[in-house]
Amino acid sequence: MGSIEKVSCATTTPVGDIVFLHGLGGDKHGTWQATREVSSFWPAWLCEELPQYEVYTVGYEAAPSKWLGTSMPLGDRARNILSLLDLEGLGHRPTVFVCHSLGGLVVKQMLQTGDGANNPKWKRIVSHTKGVFFLATPHSGSALADYLVALSHIHFPGCWGAILKFLRLTGAMHELQAHASPLRDLSLWYRNNVERLSIRTEVLFETQDTKGVRVVDETSADPGHGHPIPIDADHLSICKPSSRESQVFKAVRQFVQECLGSTEFGQAPSVGAASPVSKCESSARVNQQTGRIFISYRRRASKDARLASLLKERLQQAGCDVFIDVNMAVGTNWSAEIQRRIEWCGYLIVLLSEESVESEMLRGEVRLAHFERKQDGCPYMLPVRVRFSGSSRLRAR
């Protein structure tokens, strides 16, 4: 059964999500740990170093042998996880996927399925995907899968026959045969569409054998986009960096920052953003949302709060629908409601004072609005200085 676990909650309004998917025979915890110690679970390291993002790890049945468990066909698994992501509330913020082995194929299939599906929720997940980080993913299939599948069809006498019968390979292993037609089609789709979808790609591949076999070689590891980088590791250890100084951890951290990274007030993200909507679509949404206004300010600054209250009163008198988060009901999911209101509004009024330019909460709301405007053309942002003569740029720390 598939499941999604939140590793940690962002300390401010989250501006993006990082989602980990394991590979064949893996799980949502052990795949990402160098040892049995919980402290070696490196998705948690990302939470600590990049607190503006929320981190999730996905678990799903992906056993190589039916004796060890089950495994859905690739297409079914992609739809299953798209549904899980939607139910978890993901797909509203810019997202980066970090995937090992089979997990990379699942993500590519999710993107293809979501892009072509008549399902706006799945399309939204695809449109908010800004990057995919592949760790030893067999884009054209694995020689190991080919080898095991071939052996399973040969009748051996004695103990060898018993061993091969014991394997009872799952459909996932059959799908991973080198140069299998479905994998070729999926790779072709990814190469032809990744730029259209404005999704960045990073690839690391193993250079050491796993128990005498190179599971994913440099040819299979190449998705036809990006620049594959060799790593001194085997197929199992490449996704288990031993420290924050390891090349794998640093590469993932840098990639996330490049895809979801800091933006300044008044500037749209420079990388990983989806293509702008057409002027007609943008105008239609603006006309629909012109009367919806979100006022963002420093809650603990008294002069900001007084001005926000006055603006709300006067704008409502003029017939506008105004949102300020001070009146949210007890029990409301604050983060989800802020995200929903950013998507809802036509204008974001930002009150800039000496206190507010240092507010991580206000910075987060501005970042979300920038990403949303880049995607859908709204909201427009109206900065208002409140007895403030300093720089109006909001820099993410």
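Me: Two strands count as paired if DSSP finds at least two bridges between them. With that in hand, in what order do the 4 strands of the open sheet come?

Reply: In this predicted model, the order is 9-8-10-11, and the pairing is parallel. The edge strands are strand 9 (321-323) and strand 11 (380-385), each pairing on one side only. From one strand to the next, the twist averages 25 degrees.

Me: What makes strand 8 and strand 10 a pair?

Reply: Count the bridges. Strand 8 (residues 292-296) and strand 10 (residues 347-352) run parallel and are joined by 4 bridges. The rule asks for at least two, so they pair. Ile 293, for instance, has Tyr 347 as its bridge partner in strand 10, and Ile 295 stands opposite Ile 349.

Me: Why is strand 8 called largely enclosed by the rest of the structure?

Reply: Because 4 of its 5 residues are buried. Take Ser 296, which sits in strand 8. Buried means under 20% relative accessible area, and Ser 296 comes in at 0%, so it counts as buried.

Me: Which residues does Ser 296 touch?

Reply: Leaving out residues up to four places away in sequence, Ser 296 touches Leu 348, Ile 349, Val 350, Leu 351, Leu 362 and Glu 365.

Me: Where does helix 13 lie?

Reply: Helix 13 (residues 360-376) lies across strand 8, strand 10 and strand 11, and it runs at about 150 degrees to strand 10.

Me: On to rings. Why are Phe 20 and Trp 42 called an edge-to-face pair?

Reply: There are two tests. Rings pair if their centres lie within 6.5 Å, and planes over 60 degrees apart count as edge-to-face. For Phe 20 and Trp 42 the centres are 5.1 Å apart and the planes are at 85 degrees, so the pair passes both and is edge-to-face. Phe 20 is in strand 2 (residues 16-21) and Trp 42 is in helix 1 (residues 42-49), 22 residues apart, so the pair links distant parts of the chain. Both Phe 20 and Trp 42 are buried.

Me: What kind of aromatic pair do Trp 32 and Trp 42 form?

Reply: Edge-to-face: 6.0 Å centre to centre, with 75 degrees between the planes. Trp 32 is in the loop between strand 2 and helix 1, while Trp 42 is in helix 1, so this pair ties together parts that are 10 residues apart in sequence. Trp 32 has 0% relative accessibility and therefore counts as buried.

Me: How many aromatic pairs does the structure hold?

Reply: It holds 9 aromatic pairs. Phe 20, Trp 32, Trp 42, Trp 45 and Phe 249 form one aromatic cluster.

Me: How many disulfides does a search of the whole structure find?

Reply: 0 disulfides. Look at Cys 345: the nearest cysteine sulfur belongs to Cys 378, 7.9 Å away.

Me: Is Cys 47 buried or exposed?

Reply: At 10% relative accessibility, it counts as buried; the cut-off is under 20%.

Me: And Val 7, what makes it partly exposed?

Reply: Val 7 has a relative accessible area of 22%, so that is its class. Val 7 is in strand 1 (residues 3-8). Not counting residues up to four places away in sequence, Val 7 touches several others, including Phe 41, Pro 43, Cys 47 and Tyr 56.

Me: Last one: how do you know that the span of helix 2 agrees with what it should be?

Reply: Helix 2 (residues 74-87) has 14 residues and should span 20 Å at 1.5 Å a residue; its end C-alpha atoms are 20 Å apart, so the two agree. Its buried residues include Leu 74, Ile 81 and Leu 85. Just after helix 2, Gly 89 takes a positive phi of about 90 degrees.

Notes
Residues are numbered from 1 along each chain as its sequence is written. This is a predicted model: local features need pLDDT of at least 70, side-chain atom pairs count only at pLDDT 80 or more; totals for chains, interfaces and linings use all residues. Side-chain values use heavy atoms; hydrogens and water are left out. A disulfide is a pair of cysteine sulfur atoms within 2.5 Å. Buried means under 20% relative accessible area, exposed over 50%, partly exposed in between (1.4 Å probe, protein chains only). Helices (H or I, at least four residues) and strands (E, at least two) are DSSP runs, numbered from the N terminus. The expected span of a helix is 1.5 Å times one less than its number of residues. Axes are lines fitted to C-alpha atoms, for helices over the stretch in contact, and angles run from 0 to 180 degrees between N-to-C directions. Contact means heavy atoms within 4.5 Å. Rings of Phe, Tyr and Trp (its six-membered ring) pair if their centres lie within 6.5 Å; planes under 30 degrees apart count as stacked, over 60 as edge-to-face and the rest as tilted.
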